[in-house]
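This briefing walks through one protein chain, residue by residue and then as a whole. Keep the viewer open while you read.

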Amino acid sequence: MDAQDYVTAIVFGAIIGVVARAVLPGRQSIGVIPTVLIGMGAAVAGTWAADRWELHSDLLFTVAGRGYDWAVIGVQVGIAVVGVAIAALMVKAFDTEREN
């Protein structure tokens, strides 16, 4: 695990945030920027968690000569789904334009 792994996780995070939002049922009323930021945070947290608890598999895919573990991607997407869901609930709870 080196610094480049974390930088790559941040780049993948933008994609992971969008995937997490697509996985959640219903409509989330959060914007694109929070979605991407949640994905980036989830990518970093997922990379750390997978390394910390040694969650790795033999299933890899390669991008630009580097191999990436599907198990790590799964952890990252799982964390992003939870993050996007929490953000959507918070936006809904604090929405002042909603009629009661």
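Valine 36 lies in helix α2. Helices (H or I, at least four residues) and strands (E, at least two) are DSSP runs, numbered from the N terminus. The model is predicted: local features need pLDDT of at least 70, side-chain atom pairs count only at pLDDT 80 or more, and totals for chains, interfaces and linings use all residues. Residues are numbered from 1 along each chain as its sequence is written, and side-chain values use heavy atoms, with hydrogens and water left out.

- Valine 36 counts as partly exposed because its relative accessible area is 21%. The classes are buried (under 20% relative accessible area), exposed (over 50%) and partly exposed (in between), with a 1.4 Å probe and protein chains only.
- Valine 36 touches Gly13 and Ala14, leaving out residues up to four places away in sequence. Contact means heavy atoms within 4.5 Å.
- Arginine 21 is 15 residues from valine 36 along the chain, and their C-alpha atoms are separated by 9.7 Å.

**Alanine 20 in helix α1**

- Helix α1 covers residues 3-23 and holds alanine 20.
- Is alanine 20 buried or exposed? Alanine 20 is buried, because its relative accessibility is 0%.
- Beyond residues up to four places away in sequence, alanine 20 touches Val77, Ala80, Val81 and Val84.
- From alanine 20 to aspartate 51 is 31 residues in sequence and 21 Å in space, C-alpha to C-alpha.

**The loop between α2 and β1**

- Glutamate 54 lies in this loop. Glutamate 54 is not a glycine, yet it has a positive phi of about 50°.
- Glutamate 54 is exposed, because its relative accessibility is 67%.
- Leucine 59 is found in the loop as well, between α2 (32-52) and β1 (60-63).
- Leucine 59 counts as exposed because its relative accessibility is 59%.
- Which residues does leucine 59 contact, leaving aside neighbours within four places in sequence? They are Tyr68, Asp69 and Trp70.
- Tyrosine 6 sits 53 residues from leucine 59 along the chain, with 20 Å between their C-alpha atoms.

**Helix α3 and the segment after it**

- Isoleucine 86 is found in helix α3, residues 70-93.
- Isoleucine 86 counts as partly exposed because its relative accessibility is 47%.
- Accessible areas come from the Shrake-Rupley method with a 1.4 Å probe; for residues, only the protein chains shown count as cover.
- Aspartate 95 lies in the segment after α3. Aspartate 95 is partly exposed, because its relative accessibility is 37%.
- Aspartate 95 and tryptophan 53 are 42 residues apart along the chain, and their C-alpha atoms are separated by 38 Å.

**The whole chain**

- The chain has three helices and two strands. Along the sequence they follow the pattern α-α-β-β-α.
- The C-alpha atoms fill a box of roughly 50 × 20 × 20 Å, taken along the principal axes.
- Of the 100 residues, 30% count as buried.
- Among contacts with a separation of 6 or more, 62% come from residues 24 or more positions apart.
- The chain exposes about 6600 Å², and carbon and sulfur atoms supply 66% of that area.
- The chain has 6 positive and 9 negative charges, and their mean positions are 10 Å apart. Lys and Arg count as positive and Asp and Glu as negative; His and the chain ends are not counted. The place of a charge is taken as NZ of Lys, CZ of Arg, CG of Asp or CD of Glu.
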